[in-house]
Amino acid sequence: MESVTVEIRARMFTPQHIHLHHDRKTVLRFRSYDTELHTVVAKELFLSADLNVGGNGATEFGPDGLKRVIIPAEGLIEFQFTPARTGTFSYLCDMPGHNMQALIVVE
Ligand SMILES: [Cu+2]
């Protein structure tokens, strides 16, 4: 099982690029140190057939399935999934005014 943590501080995802492996079970955590809400919108990741979302976030669903996960202030969310495709995928926080984006590289 691969385990990766992305930290959120001052409206920034750190690190900006993470590397995951195709077909390897993965736990991807987002830990926020900010005192405001953030979200994770990660379309490619959300398509994973075996996706499980844990932690203290709030999931929001649209017609196409999971739309975003809201991370509370100083919260932690966790995605368990198996990357099904290689490639470079961007994700973002879609809170108004937040200019937060980063990359997942699956090799
Ligand atoms: Cu944000």
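This is a predicted model: local features need pLDDT of at least 70, side-chain atom pairs count only at pLDDT 80 or more; totals for chains, interfaces and linings use all residues.

Trainee: What pattern does the chain follow along the sequence?

Mentor: The chain has one helix and 11 strands, and they run β-β-β-β-β-α-β-β-β-β-β-β.

Trainee: What makes the chain as compact as a globular protein of that length?

Mentor: Its radius of gyration is 13 Å, and the globule rule gives 13 Å for 107 residues, so the chain counts as compact in that sense. Its C-alpha atoms fill a box of roughly 35 × 30 × 20 Å along the principal axes.

Trainee: Why is Ala 10 called exposed?

Mentor: Exposed means over 50% relative accessible area. Ala 10 has 65%, so it counts as exposed. This residue is in the loop between β1 (2–8) and β2, and has a positive phi of about 50° although it is not a glycine.

Trainee: And why does Asp 23 count as exposed?

Mentor: The cut-off is again over 50%, and Asp 23 is at 58%, so it counts as exposed. Asp 23 is found in the loop between β3 and β4 (26–32), and its phi is positive too, near 70°.

Trainee: How do you know that the peptide bond joining Thr 14 and Pro 15 is cis?

Mentor: Look at omega: it is about 0° for this cis bond. Pro 15 is in the loop between β2 (13–14) and β3 (17–20).

Trainee: What share of the residues is buried?

Mentor: Buried means under 20% relative accessible area, and 41% of the 107 residues are buried.

Conventions
Residues are numbered from 1 along each chain as its sequence is written. Side-chain values use heavy atoms; hydrogens and water are left out. Helices (H or I, at least four residues) and strands (E, at least two) are DSSP runs, numbered from the N terminus. Buried means under 20% relative accessible area, exposed over 50%, partly exposed in between (1.4 Å probe, protein chains only). The radius of gyration is taken over C-alpha atoms; the globule rule is 2.2 Å times the number of residues to the power 0.38.
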